[in-house]
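Here is a short note to read with the model open beside you. Take the points one at a time and find each place on screen before moving on.

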Amino acid sequence: MAYSAVHGAVAHDAHAAHDDHKPHGWRRWVYATNHKDIGTMYLVFAGIMFFVGGTMAMLIRLELFKPGLQFFDPLFFNSLTTMHALIMIFGAVMPAWTGLANWQIPMQVGAPDMALPRLNNFSFWILPFAFLILLSTFFVPGGAPAGGWTMYPPLMLQGGAGFPMTIFAIHLMGASSILGSMNVIVTILNMRAPGMTLLRMPLFVWSWLITAYLLIAVMPVLAGAVTMLLTDHFFGTTFFTAAGGGDPVMFQHIFWFFGHPEVYILILPAFGIVSEIIPTFARKPIFGYEAMVYAIASIAFLSFIVWAHHMFTVGMPLAGQLFFMLTTMLIAIPTGVKVFNWCATLWKGSITFEPPMLFAISFLFLFSIGGFSGVMLAIVPADFQYQDTYFVVAHFHYVLVPGTIFAIMAGVYYWLPKWTGKMYDLKLGTWHFWLSAIFVNVLFFPQHFLGLAGMPRRIPDYAVQFTDWNMVSSIGGFGFGLSQFLFPYLIWKCIQHGTPIGNRAWEGAHGLEWELPSPPPFHSWETPPTEAMIAQASVH
Amino acid sequence: MMIRNARSKFAAAALLPAAAQVHAESGWGLLNMTPGVTDISRKIYDLHMEVFWICVAIAVVVFGWMIWSLIAFRKSKGAVADTSLVHNTKVEIIWTLIPVFILIAMAVPAARTLVDIEDTRNTELTIKVTGFQWGWNYDYLDDGVNFYSRLDRQSDAARQLLSGIDVTTVPHYLLNVDHPLIVPAGVKVRLLITGADVIHSWWVPAFGLKKDAIPGFINELWFNVDTDKVGVYRGQCVELCGRDHGFMPIVVDVRSKEDFSTWLKTTAAQQKQAAAANAPAATPPAG
């Protein structure tokens, strides 16, 4: 520890004098080529989108607080659910992951920056425009897209002026994701410091490497699907119109061939983050490092052969249903390996409960609940009952909110002291955790009951017997939404008034980023870390 | 079943002491899937419960392990980390294999039930179901009976934005139609399901199954309601189909074979007469 601190400080001093020639003012951000600046922009953008998408969720829960239509026209309600999903998936979660990748990957692999800095700038700056286009659909004739984020034709083709705008926005988001992924892959494969072999890399880097390949594989598929929608609507093709020899179900197959890898794109980096945080606060190396890598790779592979489990009710042949049921069930095996390895990492550790650890632990519990309902959904006959009910809504929100979102928050709480050089208010972070963890369950757990009792998803109004649990869910939703304001406040307070902190913000932290000063120098590893340093940082 | 009933009664009794009706209509007790009224729906319910209890058992073990670790290995209680514990091939193989066996135990009954569900032989009555924006058309193919089924007027009035009508006073709010689908109990009824405009999905939870109504496709679904389960069963469209997706319920009136054939004969005669009088028999009710 003493060694690394001294070394880091020396490295910084030697270079600081002539390295820090970054542009200032607005140019620093618009012309940004620095991985940390771009990472910050990604994270701020994701934060803004999280609140925009969250506002839509609040409006949805407001309308569903009691039966009868109180606030919105049903079509506008459909727009809210559609836009909530698109904003949260493409605007909040994916940019947050890219932001964390930008900040952490160069520091973690011992590189000065990302491999392709201008591409990095471009891939970020596409996003605000994409979402400006997407959000402006609320103000065009016909309103925002209201056919669900899955955009199934023929319904999607009934959209107004917002329809082509949505598709153009999705093309832009896809381009941004592909460029970002190329950058991640090139950085990881080419910019690692000598001695940082693949199997020494931190698991967050591994999870992102595999995620990036998934993105490159499936984003063009989504682009193809939505382009066919576009030509069906405007240029007289009939890809998805049965009357012209097309096939509406083909869209679903293509969409979910993208869509299932996509949901793992949203969760795999979460596995990586949790695998960084649990060893730190259990003060013990990750259990079964190689098994963790292989498990992520297996999950990624399986994600390509399970897509039709999203559409068991379209009328598939028996053999197809059995195939997709069995492949889907297989995912439980590598996922189980991951959960068991995290448990074994906790076992015989020396555990403390700082905010990143609290979020990571609740990830273990609540993601597992989402996993259990996932196994239930894989059982085709039972899925005939669950499909398109609130049970599904509960399932994927458990995986995405206390799963993905909590992991992102855990990551921010983990690395914020590194980024700012200051320790935040741990007590406030703990408050944020407990409020979020309690309300998220009040919000989503009753939705299991609603679904099993027969409430379909994507409806603005419901039969009166669903009132009680909807009210509970809405109260949980408002509580969860309000609690989230603590998060930006805590970050602002940390930047303004945090207490300065050394290289290694957490006692048990290992990894190259903790060898750099806090905050790290503008170009992270101008001089590559030594082999000894890498060996010491990658204990597993 | 017993646990479910006990729990729902407990919840209802605890939270609604004054309410006389301690039955399924009070929402707090609605916690689980219905076993339904067909052989298939009960098989599905059993499968659901089997998988649910397996998940509960796994959760008890895994969460128990986590909670134990979190309590026993706290640094504040002086726990010292055993940093040598990073790998154990034998244990890792075991916890990869155990899930395989559990999954097989789930997959076998699931596959059996699925094969039963897909057995569409020997159906005795065929009804073509067409979903449209926003209602259903039912066509008794062999008997010349055809009618539309839409949200009933009372629900429709109450569900308008700021209608001012207290929806709790509307009988079966949003789950009632003008003309329910009428089928016989104890008969294997086959539905041929399709869509007229966009994709819809036909679902009655008590029958256990749902199937998408896709324009250009004809999907098959069958059910055979127990002879002693005559009654009215309700469901909804479950595929987002536009503005009024939430307002196209499905109501199935299951009658005894005799009552059904009387109804079918009368209705067929009426519709024939109406058609002869040159009034389109299948005109949907206004609104």
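1. First, the ground rules. Residues are numbered from 1 along each chain as its sequence is written, while chains are lettered from A and ligands numbered from 1 in the order in which they are written. This is a predicted model, so local features need pLDDT of at least 70 and side-chain atom pairs count only at pLDDT 80 or more, whereas totals for chains, interfaces and linings use all residues.

2. Start with helix 7 of chain A, residues 203-234. Helices here are DSSP runs of H or I with at least four residues, strands are E runs of at least two, and both are numbered from the N terminus. The expected span is 1.5 Å times one less than the number of residues. For the 32 residues of helix 7 of chain A that gives 46 Å, and the end C-alpha atoms are 46 Å apart, which agrees.

3. Where is the kink in helix 7 of chain A? It lies at V218(A), shortly before the proline P220(A), and is about 25 degrees. The bend is the angle between axes fitted to the seven residues ending at a residue and the seven starting there. Just after this helix, G236(A) has a positive phi of about 75 degrees.

4. Helix 7 of chain A packs against helix 8 of chain A (residues 248-282) at about 165 degrees, with axes 8 Å apart. Axes are lines fitted to C-alpha atoms, for helices over the stretch in contact, and angles run from 0 to 180 degrees between N-to-C directions. The two helices are therefore roughly antiparallel; angles under 35 degrees count as roughly parallel, over 145 as roughly antiparallel, 65 to 115 as roughly perpendicular and the rest as oblique.

5. Now follow helix 8 of chain A to helix 14 of chain A (residues 390-420): their axes come within 9 Å and cross at roughly 45 degrees. That makes the pair oblique. Residues in contact have C-beta atoms, placed from the backbone, within 7 Å. Among those that meet are L266(A), A270(A) and I277(A) in helix 8 of chain A, and G403(A), A407(A) and Y414(A) in helix 14 of chain A. The contact has eleven nonpolar, three polar and one charged residues. Nonpolar covers Ala, Val, Leu, Ile, Met, Phe, Trp, Tyr, Cys and Pro; Asp, Glu, Lys and Arg are charged; the others, Gly among them, are polar.

6. How many residues of chain B touch chain A? There are 82, in contact with 82 residues of chain A. The chain B side divides into 49 nonpolar, 18 polar and 15 charged residues.

7. One place where the chains meet pairs helix 11 of chain A (residues 332-346) with helix 2 of chain B (residues 39-72): the axes come within 9 Å and cross at roughly 20 degrees. That makes them roughly parallel. V339(A), C343(A) and L346(A) meet residues including W65(B) and M66(B).

8. Finally, some backbone details. Most residues other than glycine have a negative phi, and most peptide bonds are trans. P153(A) and P154(A) are joined by a cis bond, with omega about 0 degrees, and P154(A) sits in the loop between helix 5 and helix 6 of chain A. The bond from S518(A) to P519(A) is also cis, with omega near -5 degrees. In chain B, L162(B) has a positive phi near 55 degrees.

Definitions and conventions:
Contact = placed C-beta atoms within 7 Å.
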